[in-house]
Amino acid sequence: MSILVIAEHDNSSLKQATLSVVAAAKAIGGDIDVLVAGENCGAVAEAASKAEGVSKVLVADNAVYGHFLGENLGDLVAELGKGYSHILTSAGTTGKDFMPRVAALLDVAQVSDIIRVESEDTFVRPIYAGNAIATVKAGDSIKVITVRPTGFDPVAADGGSASVEQLDVVKDAGLSTFVSEQKAKSDRPDLASAGIVISGGRGMQNGENFKMLEQVADLLGAGMGASRAAVDAGFVPNDMQVGQTGKIVAPQLYVAVGISGAIQHLAGMSDSKVIVAINKDEEAPIFQVADYGLVADLFEAVPQLEEELKKVL
Amino acid sequence: MKVLVAVKRVIDYNVKVRVKPDNTGVDLANVKMAMNPFCEIAVEEAVRLKEKGVANEIVVVSIGPKACQEQIRTALALGADRGIHVETDEDVQSLEAAKLLKAVVEKEEPQLVILGKQSIDSDNNQTGQMLAALTGMAQGTFASEVVVDGEKVNVTREVDGGLMTVSLKLPAVVTTDLRLNEPRYASLPNIMKAKKKPLDVMSPADLGVEITPRLTTLKVEAPAARQAGVKVADVAELVDKLKNEAKVI
């Protein structure tokens, strides 16, 4: 078997998620090649060549791949992928964008967001926002797979010495062009990848009160989230929503403040390692999933939390 | 221009999902079903394009058993003009859904196809991109803003760590993310009017597509249950536990 892993990167550095995808490839077994497609991405190729378990790094360095447009990447990977038994990438927004195109062009199914490898053709993935876990067998000759990075411990970033081969394949579908990019302005980590997330719910009462949470988030270096109820009430923007229809998060620490714990919210955060709930309603369902529950008025508890954290951090 | 919107019937997002005791799937018997939330956003966006005078016709399509017509009627009540139901009781996976939609696209020749980025049951996030690849169309996935500008459409996409705007040649496929809009509710008069709007029913065979599932689900299990932990007395104890017991801060 031979596996092609498409690296996730920003043209200057290799994303750690790629090391988790290589780990998934190792679990499948076989030779592992890594494709680095981008523009002026030599440093990424070098990093990929050092990753544990990689045999060969293929580099497609061209302006047409600079912004990772799905149409161009899809055409490139579909052509290269024909010679492999498995094609893998991380289930970030880039992988989710181009990978289904690859599957369709190869006329095979895609297995999305796997969290475990059972065998070379059988994989485990969450469905219903993690409320059920499916074991799926892929019948096609080429398996096209996206990998949820949190499901696999990354391979070592150093120690490997893969060969690096420059490709001269330029695929420009001519369908789309990059216009602009707006990276998140805040210094706070991205919600989906933050190690700590602090979220507020309807109990926050208004948007102004979220400032209290921001202060705690800044102390902890945490990402900020919210329940659907808080978003629907207009306290905070939609992109902060954690839940089945919002962002799915699995940080080391999740702090739920004034969140009752509706099913739709729990679906988005119950894979967190440690969950803290602060709520004045002792019967709130959030306490059934919380490792540490504090029954208290959040307007007293949150300022106290800030003070206590200042003492220990 | 003509806009085609694909919608899927799924379990209502507020329903507690229960895995069947025999681990063959999720129990959908007597469970409330609804339009997939991302598909609602897709319908809303099409309706807004029509209200702005950009779109002149909205065709809504759904694939699945007879009951899907409820979701088509919902879309018609929200402002779509006519419906297409591709009726099948088979398990339609993303690739086959994309092939069926491709056949519909070839018949209808829309300038814009809008789909939800994923359905909240299978969570695949594939169909829109597959449809775009099969039809040779550009794609703007995870859209938070859609601006049609002559022969092009500018789509602002929700990507990891921020936003990215791309310009797509029309015809194009757009898949919706949460921030694109907030769907309206259908009014009672519109629900009544929707009952009279045209709805064509066809089979996968009519569209020349054979349904051949490529993926076999071997089993479906409930996730490992979380145990409720402990209640702490005050904030000081909480911080102490987080630092010294859980070691997460």
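**Entry 1: a bridge between chains**

I looked up B:Lys99 and found a salt bridge to A:Asp107, with the closest N and O atoms 2.8 Å apart. B:Lys99 lies in helix α3 (residues 94-108) of chain B and A:Asp107 in the loop between α4 (93-106) and β5 (110-114) of chain A, so the pair joins two chains. I take a salt bridge as a side-chain nitrogen of Lys or Arg within 4 Å of a carboxyl oxygen of Asp or Glu. Helices (H or I, at least four residues) and strands (E, at least two) are DSSP runs, numbered from the N terminus.

This is a predicted model, in which local features need pLDDT of at least 70 and side-chain atom pairs count only at pLDDT 80 or more, while totals for chains, interfaces and linings use all residues; side-chain values use heavy atoms, without hydrogens and water. Residues are numbered from 1 along each chain as its sequence is written, and chains are lettered from A and ligands numbered from 1 in the order in which they are written.

I then checked accessibility, where buried means under 20% relative accessible area, exposed over 50% and partly exposed in between (1.4 Å probe, protein chains only). B:Lys99 is partly exposed at 23%, and A:Asp107 is partly exposed at 34%. The two belong to a network of salt bridges that links A:Asp107, A:Asp140, B:Glu96, B:Lys99 and B:Arg214.

**Entry 2: other salt bridges**

I noted 37 salt bridges over all chains. Side chains of opposite charge can pair when their charged atoms come close.

One of the 37 is that of A:Glu79 with A:Lys171, at 2.5 Å from N to O. A:Glu79 is in helix α3 (residues 70-81) of chain A and A:Lys171 is in the loop between β10 (163-166) and β11 (176-183) of chain A, so the pair ties together parts that are 92 residues apart in sequence. A:Glu79 is partly exposed at 37% relative accessibility, and A:Lys171 is partly exposed at 23%.

In chain B I found B:Glu44 in a salt bridge with B:Arg184, the closest N and O atoms being 2.8 Å apart. B:Glu44 sits in helix α1 (residues 37-51) and B:Arg184 in the loop between β10 (172-176) and α5 of chain B, so parts 140 residues apart in sequence are tied together. B:Glu44 is buried, with a relative accessible area of 4%, whereas B:Arg184 is partly exposed at 30%.

**Entry 3: chain B as a whole**

I counted six helices and 13 strands in chain B. Its C-alpha trace spans about 65 × 45 × 40 Å along the principal axes. Of its 249 residues, 54% are buried. With contact meaning heavy atoms within 4.5 Å, I looked at contacts in chain B between residues at least 6 apart in sequence, and 69% of these join residues at least 24 apart.

I looked up B:Ile11, which is in strand β2 (residues 9-11) of chain B. B:Ile11 is buried at 3% relative accessible area. Leaving out residues up to four places away in sequence, B:Ile11 touches A:Tyr128, B:Val17, B:Leu28, B:Val31, B:Lys32, B:Met33, B:Ala34 and B:Ile120. B:Asp121 is 110 residues from B:Ile11 in sequence, but their C-alpha atoms are 7.0 Å apart in space.

A:Gln264 is in helix α7 (residues 263-269) of chain A and is buried at 3% relative accessibility. With residues up to four places away in sequence not counted, A:Gln264 has contacts that include A:Arg228, A:Gln241, B:Tyr13 and B:Asn14.

**Entry 4: backbone**

Most residues other than glycine have a negative phi, and most peptide bonds are trans. I listed these cases:

- The peptide bond from B:Leu170 to B:Pro171 is cis, with omega near 0°; B:Pro171 is in the loop between β9 (162-169) and β10 of chain B.
- A:Asn11 has a positive phi near 75°; A:Asn11 lies in the loop between β1 (2-6) and α1 (16-28) of chain A and is buried at 18% relative accessibility.
- A:Phe68 has a positive phi near 60°; A:Phe68 lies in the loop between β3 (56-61) and α3 of chain A and is buried at 16% relative accessibility.
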